Amino acid sequence: MKIEEVKSTVRTQRIAAHSHVKGLGLDEAGSALQSAAGLVGQKAAREAAGIVVDLIKSKKMAGRALLLAGPPGTGKTAIALAIAQELGNKVPFCPMVGSEVFSNEIKKTEVLMENFRRSIGLRIRETKEVYEGEVTELTPVETENPMGGYGKTISNVVIGLKTAKGTKQLKLDPSIFDALQKEKVEVGDVIYIEANSGAVKRQGRSDTFATEFDLETEEYVPLPKGDVHKKKEVIQDVTLHDLDVANARPQGGQDVLSMVGQLMKPKKTEITDKLRMEINKVVNKYIDQGIAELVPGVLFIDEIHMLDLETFTYLHKSLESPIAPIVIFATNRGRCVIRGTTDIVSPHGIPLDLLDRLLIIRTLLYSTSDMEQIIKLRAQTEGLQLEDPAFARLSEIGTSSTLRYAVQLLTPAHQMCKVNGRTQITKDDIEDVHSLFLDAKRSSKHLSEKNNKFML
């Protein structure tokens, strides 16, 4: 019989390139610490990004744009993600790459507008009459089927709700029973039911069950205070793109022909400007009435030099819109030809009139000591153990080639270490994998030396 110890019930997540980034790592005065929140060095860039975060929080940055410019592997994407972490999960953050606009299905400008609308949030506040509490009883009441036959139908459902102040037993419509099943409500869950619409929302498991051993990771919520029947302010966060899609979706019948017709349509449908204008009118009306609040989010466009002249012109119009998010661009190009032209050379491949509108943050190459700190951070994130000479050698390799290449050597070196029956990665393991794999500089040198051996 095999017995295994369960170390954690939390599902393991894949470690991505920027899993270690938790924020900008600034102190109370807004000064960057040498190493904090997963970021190392780049003090000036991080402090500038901190000012941008303060502007976004005070809602003085909407409709403006920021450019992160620097050589490859200097932490541009990491700083953009750190800005998103600082803003919190309530502020929409939409990342995209410049080449995404070149889609075969929809226009370039439509892709940009979609992402712009994804980056603008709408916080709707409604005061609703609700029944809220922990489910103590859930009993469907069956009756004979009025259509005849041996089957039975659910005539109503009896549900018991408990709060810190008291309990109530409710008799609900059978349609609400379907909603309870969709939400997977069980006895012990904390839910609320809207009195007018009958909509059911499961908030989580009651924290009285938190001591139970459960293989599924569960969110525990406290027992609601007050009465079961109460008036509650319900806050709903949506993006403008969610509203566009909800109103653009055809409301066809449920017959076979309608369903087949919808299957035959292309995967993506372009949303018309007319529909967007109508949604903007409704949104503005809600804002004027005080029901809703606009939350300008962040649109992050990496590799901005991949856009062409047409899309750059469209960006001008979009940035001047009264409803516009904060746009962060990133590029690793110096002076180069603007895509879509043959002879117009511009800094970062961006037209000069758009560059005038941008606040530019410069990222610099890392020093050897900074690289060593970053490699130590990545090794800690991936759960790897290295000897000190191995860290020093990796930082040397990073200085001569790139930081990305040095970080990528960690996993193969760990594999080499396991094959040799060790738990700590040594300098020899690093040397072995460095000789097996080529970085970009050594590969290009090899190509220039053996150029006549390759096909043209």
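A cavity here is a set of grid points where a 1.4 Å probe fits but cannot get out. The views below show a predicted model.

View 1. About 40 Å³ of space lies in the largest cavity. β2 (39-40) and α2 (76-87) are the elements that each give two or more residues to its lining. Leu39, Val40, Gly41, Gln42 and Arg46 line the largest cavity, together with Gly75, Ala78, Ile79 and Tyr366. By class, this lining holds five nonpolar residues, three polar and one charged.

**View 2. The second largest pocket.** This pocket has a volume of about 440 Å³. Its lining is made of 21 residues, and Met113, Asp273, Arg276, Tyr314 and Lys317 are the closest to its centre. The lining of the second largest pocket comprises nine nonpolar, seven charged and five polar residues.

**View 3. Helix α7 from end to end.** α7 has 17 residues. From first C-alpha to last, α7 reaches 24 Å, close to the 24 Å expected at 1.5 Å a residue. Glycine 290 follows α7, and its phi is positive, near 85°.

View 4. Arg276, Ile279, Asn280 and Val283 are buried in α7. Seen down the helix axis, the buried residues of α7 fall within an arc of 105°, so they line one face. An α-helix has 3.6 residues a turn, so residues three or four places apart point the same way. The face turned away from the buried side of α7 carries the exposed residues Lys274, Met277, Lys281 and Asp288. The cover over the buried residues of α7 includes α3, β5 (120-144), α5 (240-248) and β12 (292-296).

View 5. Arginine 276 lies in helix α7. Its relative accessibility is 5%, so arginine 276 counts as buried, the limit being under 20%. Arg276 is also among the residues closest to the centre of the second largest pocket. Leaving aside neighbours within four places in sequence, arginine 276 is in contact with Glu110, Met113, Glu114 and Arg117, and with Asp244 and Ile271. Of these contacts, Met113 is likewise listed among the residues closest to the pocket centre.

Note on methods
Residues numbered from 1 in each chain as written. Predicted model: local features only at pLDDT ≥ 70, side-chain atom pairs only at ≥ 80, totals over all residues. Heavy atoms only, no water. 1 Å grid on protein atoms, 1.4 Å probe; cavity = no way out; pocket = protein on both sides within 12 Å on 5 of 7 lines; lining within 4 Å. Points joined across faces, edges and corners; volume = space filled by probe spheres on them. Nonpolar A, V, L, I, M, F, W, Y, C, P; charged D, E, K, R; others polar. Helix = DSSP H or I, 4+ residues; strand = E, 2+ residues; numbered from the N terminus. Expected span 1.5 Å × (residues − 1). Buried < 20%, exposed > 50% of the residue type's maximum accessible area, 1.4 Å probe, protein only. Arc of directions from axis to C-beta. Contact = heavy atoms within 4.5 Å.
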